[in-house]
Amino acid sequence: MTSEVRLRPVRDEDLPAFFAHEQDPQANWMAAFGPKDPADRAAFDAHWARIRADPRIVNRTVTVDGAVVGRVAAFPVGERTEVSYWIDPARWGRGHATAALAALLRELPQRPVHARAAKDNAASLAVLRKCGFVVVGEDSGYAESRGAEVEEHLLELPAAPADLGDH
């Protein structure tokens, strides 16, 4: 039997798992641009109440064999749509992030879609590339989890070329 990654809308009962996933120091280091204080449950709850109330944000819980293994989202940043994901570190290296992001992208009609990843986050960059994203620029910003300025790649999933039909 093969484990299958599935997406579903976020439920209240998913939030404790999401909070637990954010407690991993290595995951916070890799993500770089996470919550200021991952242990602040009140801030976590306020953040989730805000983003779940925003109809422009597509949030999905990632499950494998019925177990919550992470989350994936698409959200507006100005006129652009960006994606992000967070997988339980205990589940890293199994293809869950790639499968979850690919499934989310199938839900999103708009292109291009954008993403960001710390330059030293090779695993996340690999996920994005497997899903068709290409590096289109660079940026940097202060990352609370690292206590330092972090260089990042800006990536884009371009619009599919128009179907040229039979010639």
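Helices (H or I, at least four residues) and strands (E, at least two) are DSSP runs, numbered from the N terminus.

**Figure 1. The annotated domain, residues 5-156.**
Keep in mind that this is a predicted model, in which local features need pLDDT of at least 70 and side-chain atom pairs count only at pLDDT 80 or more, while totals for chains, interfaces and linings use all residues. Residues are numbered from 1 along each chain as its sequence is written, and side-chain values use heavy atoms, with hydrogens and water left out. UniProt, in an unreviewed entry, puts the feature "domain: N-acetyltransferase" at residues 5-156; its positions follow the numbering used here, feature names are shortened, and annotations may be inferred rather than shown by experiment. This span is 32% helix and 37% strand, and its end C-alpha atoms are 23 Å apart.

**Figure 2. Confidence, and the stretch at 162-167.**
The predictor's confidence in each residue is called pLDDT and runs from 0 to 100. For this protein the mean is 90, and 94% of residues reach 70 or more. Over residues 162-167, though, the pLDDT is below 50. Beyond near neighbours in sequence, that stretch has zero contacts in the model (contact means heavy atoms within 4.5 Å).

Ala159 comes in the segment after strand E7 (148-157). Pro112 belongs to the loop between helix H4 (96-107) and E5. For Asp139, 20 residues from Ala159 along the chain, the C-alpha to C-alpha separation is 22 Å.

**Figure 3. Arg52 meets Asp12 in a salt bridge.**
Side chains of opposite charge can pair when their charged atoms come close. Here, a salt bridge is a side-chain nitrogen of Lys or Arg within 4 Å of a carboxyl oxygen of Asp or Glu, and the structure holds 13 of them. In this one, N and O of Arg52 and Asp12 are 2.7 Å apart. The pair links distant parts of the chain, 40 residues apart: Arg52 is in helix H3 (residues 41-53), and Asp12 is in the loop between strand E1 (5-9) and helix H1 (15-21). How accessible are the partners? Buried means under 20% relative accessible area, exposed over 50%, and partly exposed in between (1.4 Å probe, protein chains only). Arg52 is partly exposed at 35%, and Asp12 is exposed at 54%.

**Figure 4. Arg71 and Glu22, a buried pair.**
The closest N and O atoms of this salt bridge are 2.6 Å apart. Arg71 sits in strand E3 (residues 67-77) and Glu22 in the loop between H1 and helix H2 (25-31), so 49 residues of sequence separate these distant parts of the chain. Arg71 has a relative accessible area of 12%, and Glu22 has 6%.

Lys119 lies in the loop between strand E5 (113-118) and helix H5 (122-130) and Glu138 in strand E6 (residues 134-143), so the bridge ties together parts that are 19 residues apart in sequence. Lys119 is partly exposed at 31%, while Glu138 is exposed at 53%.

**Figure 5. Phe18, Phe19, Phe44 and Trp48 form a ring cluster.**
A pair of aromatic rings is described by the distance of the centres and the angle of the planes. Rings of Phe, Tyr and Trp (its six-membered ring) pair if their centres lie within 6.5 Å; planes under 30 degrees apart count as stacked, over 60 as edge-to-face and the rest as tilted. The structure holds three such pairs. Phe18 and Trp48 make a tilted one, 5.1 Å centre to centre with 40° between the planes. Phe18 is in helix H1 and Trp48 in helix H3, 30 residues apart. Phe44 and Trp48 are tilted too, with centres 6.3 Å apart and planes at 45°. Both of these lie in helix H3, four residues apart, about one turn of the helix. Phe44 is buried at 5%, and Trp48 is buried at 2%.

**Figure 6. Two arginines over rings.**
A charge sits over a ring if NZ of Lys or CZ of Arg is within 6 Å of the ring centre and within 35 degrees of the ring normal. The charged end of Arg41 is over the ring of Phe19, 4.8 Å from its centre. Arg71 lies over the face of Phe18, 5.3 Å from the ring centre.
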